[in-house]
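Hello,

Here is the structure I promised to pass on, with my notes below it.

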Amino acid sequence: MSDTKTSPQPADAAEGPDAERLDAERLDEVERLSTAPEENDTVPTGIGVFGWLRWFWRQLTSMRVALLLLFLLSLAAIPGSLVPQEPNTFKITAWKNAHKGLAPLFEKLQLFDVYSSVWFSAIYILLFVSLAGCILPRTWQFVGVLRAQPPAAPRNLTRMPVYAAWHTDADPAAVNAAAHRLLRKRGFRAAAGSGSVAAEKGYLREVGNLLFHFALFALLAGFAWASLFSGSGTKIVLEGQGYSNTTTQLDDFTGSAFYGVDDLDAFGFKLDGFTADFQTSGPAAGTAKEFVANVRYWKGADTGKQKNAKIEVNHPLEVGGTKVFLTAHGFAPVVTVRNAKDEVVYRGPTVFLPQDSNVTSPGVIKVNDYGTGPDGRKTQLALSGMFLPTAPDDFNETGRPVSVFPAAANPRLVITAYVGDMRTDSGLPQNVYELDDKAMTQLKVNGAPASVPLQVGQGWQLPDGYGSVTFDGYQQWANFTISHRPGNAVALTGAVAAILGLIGSLFVQRRRIWVRAVAAPDGRTLVEVAGLGRSESARTAEELAEIAVELQGDAPAADEPPGPDGPADDAPAAADSPAAAVPTAPETKE
């Protein structure tokens, strides 16, 4: 085997300038291992509006612009993670109150509704169009490559990055036929030409590229489908109570362009019980081990056909196209309130919302129909305070009323009382979990605000003769998110396919091998083997060496006839043995 700068050409090869031009064109075709459309950055001049539109379309559908748009989309999604988004009205209001200087600017930039903003939608649509424009021509070109034969060998194989040659006494046609069989056996697409064999392998690389692009397209399509045809709402359900999937039952609801209140699936369920289990010892004490909501659900309006089910975290209940997720839980203290006339004016549970991991839960019990107070004037009563599932034995240990464990091991209700006008009849919206005390007076004892911690079964005589409050017990509640979101399966499939496509495009190497056996001037056969890989890799050289060694079984290397001063200068030196065909040997060009 030897490294040679010139190689004998077939007898029918063209000569002169035309031959050089044809050889250059063939070499360009041979060295192009990607089916991606060639990008042209040349700005058109003097070609009119149509020409400029065509140039703009080529730029938009180029891979460089697609990657840039994908990067911009990821940057544009960052504010959606940092700034409260619709429909979290209360969080948005709190953020605006804390950042009054930035709030007007953020509203103009639509940063409180990023994913529906004009600028985010523009990037999204441009990326969608860019991917479509990349995929279609590239797929069509790849199909053409699959249907076509591998590119024929260039006139001068020594230009290839990996090259080997030797002389043999075997017939050229027999050597080419043996090379064709060998390459097909090794999984190459091989085609026999005039005095040579061309083979190609590694099409899974381009399949991986196309799969990755199709997967991104499917991912975007899934998100678009979900944003246009999805809706969700939340509902807090007390133990023993039920829920029917209507907007009047939901605590809040967010629809989309093609999904509204009339599109809700007909079903319902009843919360029979809620179970929460927590770690009681060790460094992970207080960590939840299990949240389970035991429900009975029904489809349609027929409540007679009910089925039992368990809803757990990450294990939703699926009814039709709707999923019911368990997202939170808490407690609702049960109290009985009597007015100044000792009449029961309120009795039942009131939901308190947790504010920390130990379920310390602030809340307000609003008694709108309290009646008349000790002074004979009509008034309203409100009880504001904390429910503590596990209260400390001494509040001096914590400094304030807080729970020390999330389970109800030592429940306490710490409350204070207000009388006056809660302004619930003003027509202005109010948060049911907060108290508007601007027109109310806090009851006091000896000039200090009256407050008392109650255990289950204990009562409290309100100051100034306003009646009494009894802490009867508590109930658990569970918060459910009712979500209708099509397109998630499409997006998930796209994400998985994108990973598989990326693996194929990174780890599969596209490569070409050529074998040419022609009669040399000395009457023997010159065998040339050359390879080309898309990227610099030792695998191409190793594979070429294996092919050269195996091929010498049908085309054994012959000894070079010595000249006056050694081997002939116009032909490659023969390899001494098949092992000498290894491309890493000194006589091999890489």
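Let me start with a question: is Lys 270 buried, partly exposed or exposed? Lys 270 counts as partly exposed, because its relative accessible area is 30% (buried means under 20% relative accessible area, exposed over 50%, and partly exposed in between, with a 1.4 Å probe and protein chains only).

Before the rest, a word on the source. This is a predicted model, in which local features need pLDDT of at least 70 and side-chain atom pairs count only at pLDDT 80 or more, while totals for chains, interfaces and linings use all residues. Residues are numbered from 1 along each chain as its sequence is written, and side-chain values use heavy atoms, with hydrogens and water left out.

**The chain overall**

The protein chain has 11 helices and 25 strands (DSSP runs numbered from the N terminus, with helices being H or I of at least four residues and strands E of at least two). Of its 590 residues, 43% count as buried. Among contacts between residues at least 6 apart in sequence, 66% join residues at least 24 apart (contact means heavy atoms within 4.5 Å).

**Strand E7**

Lys 270 lies in strand E7. Leaving out residues up to four places away in sequence, Lys 270 touches Gly 240, Gln 241, Gly 242, Asn 294, Val 295, Arg 296 and Trp 298. Gly 240 is 30 residues from Lys 270 along the chain, yet their C-alpha atoms are separated by 6.8 Å.

Asp 272 is also in E7, which covers residues 267–278. With 38% relative accessibility, Asp 272 counts as partly exposed. With the neighbours up to four places away set aside, Asp 272 touches Asn 294, Val 295 and Arg 296.

**Helix packing**

Helix H3 (residues 63–76) and helix H7 (residues 118–147) have axes that come within 9 Å and cross at roughly 150 degrees (axes are lines fitted to C-alpha atoms, for helices over the stretch in contact, and angles run from 0 to 180 degrees between N-to-C directions). That makes H3 roughly antiparallel to H7 (angles over 145 degrees count as roughly antiparallel, under 35 as roughly parallel, 65 to 115 as roughly perpendicular and the rest as oblique). Their crossing is left-handed (the near helix is turned anticlockwise from the far one by less than a right angle; clockwise would be right-handed). Residues meeting there include Leu 69 and Leu 73 in H3, and Phe 120 and Cys 134 in H7. The contact of H3 with H7 divides into 15 nonpolar residues, one polar and one charged (Ala, Val, Leu, Ile, Met, Phe, Trp, Tyr, Cys and Pro count as nonpolar, Asp, Glu, Lys and Arg as charged, and the others, Gly among them, as polar).

H7 also packs with H9, at about 150 degrees and with axes 10 Å apart. H7 is therefore roughly antiparallel to H9, and the crossing of H7 and H9 is left-handed. Their contact has 19 nonpolar, three polar and two charged residues.

Helix H9 (residues 203–228) in turn packs with helix H10 (residues 488–507) at about 160 degrees, with axes 7 Å apart. So H9 is roughly antiparallel to H10. Among the residues making this contact are Gly 208 and Gly 222 of H9, and Gly 494 and Gly 501 of H10. By class, the contact of H9 with H10 has 15 nonpolar residues, seven polar and one charged.

**Nonpolar cores**

The largest nonpolar core has 24 residues, and those with the most contacts inside it are Leu 381, Ile 415, Trp 460 and Leu 462 (a nonpolar core is a set of buried Ala, Val, Leu, Ile, Met, Phe, Trp, Tyr and Cys residues joined through side-chain atoms within 4.5 Å). Strands that each supply at least two residues of this core include E14 (378–388) and E15 (412–420). E15 gives the largest share, four residues.

**Two loop residues**

Asn 314 has a positive phi near 70 degrees without being a glycine, and lies in the loop between strand E9 (307–312) and strand E10 (317–319). Asn 314 counts as exposed, at 69% relative accessibility. Asp 342, also not a glycine, has a positive phi of about 65 degrees.

Best wishes
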